[in-house]
Amino acid sequence: MNMAPSFDGKELEREVFLDSTKDGLGELLLGVSMIGVAAASASLFFLPLFIIPLVFGGRIAEAVRKRLTYPRIGYVKLRGEQTGKALGGVLLYEFLVLLVFAIALYILFGDIMEFSLWARWSPLITALLILGLFLNLHDKSGNKRYLALAVLSVFVGLVLSFVSFDISFPYLFGYFDSGVVFYFFLMGSVMLSSGLIQFVYFLNRNPVSPEDRD
């Protein structure tokens, strides 16, 4: 009779990934990028605020972690996803979201070629597209906070699809509906605040030992 303890590789991967996100840097940078989208929709002067975290976020986070995170909890290299497989999954998810939404618009309004319909519901469409990110993070980490963010994201997108704003934004997503800009600003603010609180808490909870400081 085999009495060896069972090994749950999936659960171990979740624990390792969860530990790698406890410093909140990923959420912080995502929040900055989302706020950058909203700001750049009003003025292209703020475009770097959107692009830099999006393009160089991984390098920025890694540099900060080498300085502040790894000396506190150590370093574990995560198993990377295959780029082609990950990109294929993202594109498939986005295609399915747009397809389902096109079917819903046809059923409700009988027309999927009217741009004003897509513009009106663009906050909810955006929220559903980003929903995949939160669900993926929950699947990788098991952290229910990402489920809460997913629910909040869809709720904000739904509300902003029904609310009209007497304001327009000339750039980026402002061409669709002003609600999209407010969506990015609100969710970006939530992500930035959440990430910053986690980062400060992480630093206080995990002080550097005197040996490591020397």
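Two rings of Phe, Tyr or Trp (for Trp, the six-membered ring) make a pair if their centres lie within 6.5 Å; planes under 30 degrees apart count as stacked, over 60 as edge-to-face, and the rest as tilted. A search of the whole structure turns up 9 such aromatic pairs. The model is predicted, so local features need pLDDT of at least 70 and side-chain atom pairs count only at pLDDT 80 or more, while totals for chains, interfaces and linings use all residues. Residues are numbered from 1 along each chain as its sequence is written, and side-chain values use heavy atoms, with hydrogens and water left out.

Take Phe 101 and Trp 118: their ring centres sit 6.4 Å apart with planes at 40 degrees, so this pair is tilted. Phe 101 belongs to helix H4 (residues 83-109) and Trp 118 to helix H5 (residues 115-120), so the pair ties together parts 17 residues apart in sequence. Helices here are DSSP runs (H or I, at least four residues), numbered from the N terminus. Phe 101 is buried, at 9% relative accessible area; buried means under 20%, exposed over 50%, and partly exposed in between (1.4 Å probe, protein chains only).

Then there's Phe 169 with Phe 182, an edge-to-face pair at 5.8 Å centre to centre and 80 degrees between the planes. Phe 169 comes from the loop between helix H7 (145-162) and helix H8 (178-205), and Phe 182 from helix H8, so parts 13 residues apart in sequence are tied together. Phe 169 counts as buried at 13% relative accessibility, whereas Phe 182, at 24%, is partly exposed.

Ring pairs also link Phe 115, Phe 173, Phe 176, Tyr 183 and Phe 184 into a cluster.

Note on methods:
Helices (H or I, at least four residues) and strands (E, at least two) are DSSP runs, numbered from the N terminus.
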